[in-house]
Amino acid sequence: DPLSVDVLVDGKLELHPKKIFSRKLDWGIDFCGYNVLPHYVLVRTKTKRKIIKKIEEGVSNQAVQSYLGYFSHANSFKLIRETKKQASPREICYSE
């Protein structure tokens with residue numbers, strides 16, 4: 001892409017040759033633990049597994065609230081519902 005080449009040359013930036021790859025936009029872009037797709041955002045599977053494992057081991061109310069906040073930035077209604085079910089009722093403070 002000529003525009004990106006101009007930006008790189010003018011800004012004196014370099015791209016790492018092993019960190020550049022092409023893939024279909026429909027596959028999404030992995031960014032900050034989310035999989036960003038053209039019309040929606042999902043929580044990355046690896047991130048989801050780690051969080052669910054921590055909740056099963058038992059975490060504080062603050063941690064559960066933090067995870068729910070993290071999930072809220074993605075299209076994750078079912079994941080939020082399952083997380084609330086999985087965490088014990090005394091740990092969740094429902095504020096809706």
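Tyr40 lies in the loop between β2 and β3, where strands are DSSP runs of E with at least two residues and helices are runs of H or I with at least four, both numbered from the N terminus. This is a predicted model, in which local features need pLDDT of at least 70 and side-chain atom pairs count only at pLDDT 80 or more, while totals for chains, interfaces and linings use all residues. Residues are numbered from 1 along each chain as its sequence is written, and side-chain values use heavy atoms, with hydrogens and water left out.

Tyr40 counts as partly exposed because its relative accessibility is 40%; buried means under 20% relative accessible area, exposed over 50%, and partly exposed in between, with a 1.4 Å probe and protein chains only. Although Tyr40 and Asn75 are 35 residues apart along the chain, their C-alpha atoms are separated by 6.6 Å.

The protein chain as a whole has four helices and three strands, which follow one another along the sequence as α-β-β-β-α-α-α. The three strands form an open, antiparallel sheet in the order β1-β2-β3, where two strands count as paired if DSSP finds at least two bridges between them. Since β1 and β3 (41-43) stand at the edges with a single partner strand each, one side of each is left without a neighbour in the sheet. From one strand to the next, the twist averages 30°, an angle taken between N-to-C directions on a scale from 0 to 180 degrees, with axes as lines fitted to C-alpha atoms (for helices, over the stretch in contact).

Strand β2 (residues 34-36) pairs with β1 in the antiparallel sense over three bridges, and Val36 in β2 is the bridge partner of Ile29. Phe31 belongs to strand β1 (residues 29-31) and counts as exposed because its relative accessibility is 54%.

Turning to the interior, buried residues make up 23% of the 96 residues in the protein chain.
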